[in-house]
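Hello,

Here is the structure we talked about. My notes on it follow below.

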Amino acid sequence: MPSAAPTPTEDELAAVIDANAGLEGPLLPILHALQENFGHIPQPAMQMIADRLNITKAELHGVISFYHDFRKAPAGRHVLKICRAEACQAMGGNALAEETLAKLGLDWHGTSINGAVTVEPVYCLGLCACGPAAMMDDRCVGRVDRSRMDALLAEAGA
């Protein structure tokens with residue numbers, strides 16, 4: 001799925017940008033709309049956004065890189081977020097994260113070869129008393145150990 005996503009046309013990108021450009025503070029709505037429509041912020045949209053909003057590509061890049069949920073490439077069918085905050089680290093979150101990434105042969109933000117899962121860091125899921133925590137798509141899971149992580153990955157088809 002990550003590499004199978006078709007590249008949107010310039011007209012498709014322009015339609016999404018134009019539909020949100022008239023809003024007050026339009027940059028974030030444009031970025032959210034692009035990602036919702038295409039699964040990521042397509043590279044060809046960058047110059048179009050900068051031109052439409054009269055900002056530099058550096059300013060645009062700063063906003064996209066600041067917000068961790070914006071992607072430059074489509075994610076897998078499932079997104080696994082592993083908590084990197086201190087409470088989860090204290091409960092073994094670092095080892096869990098390293099083991100999970102090694103098992104999948106990925107770095108952070110990487111997608112499995114079969115397109116099943118993208119692994120991303122997150123900096124608190126609010127499950128501090130139940131660490132280490134993870135989130136598969138929109139479902140939070142606490143007290144994640146090797147067995148529970150294996151079950152999450154199997155459920156995702158990784």
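**The sheet**

In this predicted model, four strands make up an open sheet with mixed pairing, in the order β2-β1-β3-β4. Strands here are DSSP runs of E with at least two residues, numbered from the N terminus, and two of them pair if DSSP finds at least two bridges between them. β2 (117-122) and β4 (139-141) are at the edges with a single partner strand each, so one side of each has no neighbour in the sheet. On average, neighbouring strands are turned by 20° against each other, direction ignored; the axes behind this angle are lines fitted to C-alpha atoms. Strand β1 (residues 78-83) runs parallel to β2 and is joined to it by six bridges. Opposite Val117 in β2 stands His78.

**The aromatic rings**

There are two aromatic pairs (ring centres within 6.5 Å; planes under 30 degrees apart are stacked, over 60 edge-to-face, the rest tilted). Phe66 and Tyr67 are edge-to-face, because their planes stand at 90°, with the ring centres 4.9 Å apart. Tyr67 also forms an edge-to-face pair with Phe70, at 6.1 Å centre to centre and 80° between the planes.

How exposed or buried is Phe70? Its relative accessible area is 10%, so Phe70 is buried (under 20%; exposed is over 50%, partly exposed in between, with a 1.4 Å probe and protein chains only). Phe66 is exposed at 57%, and Tyr67 is partly exposed at 37%.

**How to read the values**

Residues are numbered from 1 along each chain as its sequence is written, and side-chain values use heavy atoms, without hydrogens and water. Local features need pLDDT of at least 70 and side-chain atom pairs count only at pLDDT 80 or more, while totals for chains, interfaces and linings use all residues.

Regards

Key:
Axes are lines fitted to C-alpha atoms, for helices over the stretch in contact, and angles run from 0 to 180 degrees between N-to-C directions. Rings of Phe, Tyr and Trp (its six-membered ring) pair if their centres lie within 6.5 Å; planes under 30 degrees apart count as stacked, over 60 as edge-to-face and the rest as tilted.
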